[in-house]
Amino acid sequence: MDRLYCVVPCYNEEEVIHETAQRLLQKLESLMAAGQIAADSRILFVNDGSKDKTWPLIEALHQTNPIFSGVNLSRNRGHQNALLAGLMTVRERCDVCISMDADLQDDINAVDAMLAEYKAGCDIVYGVRIERTTDTAFKRVTAHGFYTFMKAMGVNIVYNHADYRLMSRRALDALAEYREVHLFLRGMIPLVGFRTAVVPYARRERFAGVSKYPLKRMLALALDGITSFSVRPIRLIAVLGALIFLISLVMVIVFLFKNASGDTVPGWTTLACSIWALGGVQIMCLGLIGEYIGKIYQETKQRPRYIIESVLDEREGLQDG
């Protein structure tokens, strides 16, 4: 029977972690009773350097019931690194894992359909939300723009999928081969390949607390995704340069014609606007190129993506750092 690990990254989630733990416990116990998963399946909370009582609460849950496991990172490393730390921790302990956020927006009942697809032969199953009625109009527009822009830039991502997904051990082993520092798991995991499926679900409002992904972080995530998986922006710079060069040739011909016909004008406005426009384009292009160079610099240093301070997992009698 397959051993399931649920991986739940947490950052300042003291308001919701007890409710999340109880709902996941009920789900796993029902799956065990139905013979869908092994009796030694686990729920793994990953504490991403929280500043509140998240880790002490995880420790208390583990003391109460060994089904609750925990990973404590040495400091805050961001959602994607925390999630990867959890996935790599359970890689050799599980047959299949399901990752989800701690805020209870993802429908836990979709786990049944995910496991059904896994048993049908899928190594990766994506949880995809079917609507965004719980989001504000601004968030709906920006989310749609995010996925559309990422697709236009050549990044292969699943529309309306965040990080609610099932992965088999084979898929986790393949993911471990990707060593980049700048993580964008929504783009990395489709590169793994294998047979995949999609499970639609209705996303709920956050149970408690506030979102850890404001607009600023979403923009940073989008930039990481584009520059980590696509060179199309660099190619667009070349196209832009060629276009400006062609326009300059046309303008030279026009100015020469006007000069020959005696229709001369001072042209200070045109000259000033051209200088400002070309200067702005050049600075923007240099900044974009610098973004790529900066990523190359950080990748070559090969610093660890995360450091685990301690692990709680009674299944293997493990409780160390």
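Reader: Is Tyr-164 buried or exposed?
Author: This is a predicted model. The relative accessibility of Tyr-164 is 1%. The cut-off for buried is under 20%, so Tyr-164 counts as buried.

Reader: How many aromatic pairs does a search of the whole structure find?
Author: One of the pairs is stacked and is formed by Phe-45 and Phe-68. Tyr-164 and Tyr-201 also form an aromatic pair. The number found across the whole structure is two.

Reader: What is the angle between the planes of Phe-45 and Phe-68?
Author: The centres of these rings lie 6.3 Å apart, and the limit for a pair is within 6.5 Å. Planes under 30 degrees apart count as stacked. The Phe-45 and Phe-68 pair is stacked, with an angle between the planes of 25 degrees.

Reader: How many residues apart in sequence are the parts that the pair of Phe-45 and Phe-68 ties together?
Author: Phe-45 is buried at 0% relative accessibility, and Phe-68 is buried at 2%. Phe-45 belongs to strand β2 (residues 42–47) and Phe-68 to strand β3 (residues 68–73), so the pair links parts whose separation in sequence is 23 residues.

Reader: Which strand holds Tyr-201?
Author: Tyr-201 is buried, with a relative accessible area of 4%. Tyr-201 pairs edge-to-face with Tyr-164, at 5.2 Å centre to centre and 85 degrees between the planes. Tyr-164 lies in strand β6 (residues 161–168), so the pair ties together parts 37 residues apart in sequence, and the strand that holds Tyr-201 is β7.

Reader: Which residue lies over the face of Phe-194?
Author: A charge sits over a ring only if it is within 6 Å of the ring centre and within 35 degrees of the ring normal. The distance from the centre of the Phe-194 ring is 4.1 Å, and the residue is Arg-170.

Methods: Residues are numbered from 1 along each chain as its sequence is written. This is a predicted model: local features need pLDDT of at least 70, side-chain atom pairs count only at pLDDT 80 or more; totals for chains, interfaces and linings use all residues. Side-chain values use heavy atoms; hydrogens and water are left out. Rings of Phe, Tyr and Trp (its six-membered ring) pair if their centres lie within 6.5 Å; planes under 30 degrees apart count as stacked, over 60 as edge-to-face and the rest as tilted. Helices (H or I, at least four residues) and strands (E, at least two) are DSSP runs, numbered from the N terminus. Buried means under 20% relative accessible area, exposed over 50%, partly exposed in between (1.4 Å probe, protein chains only).
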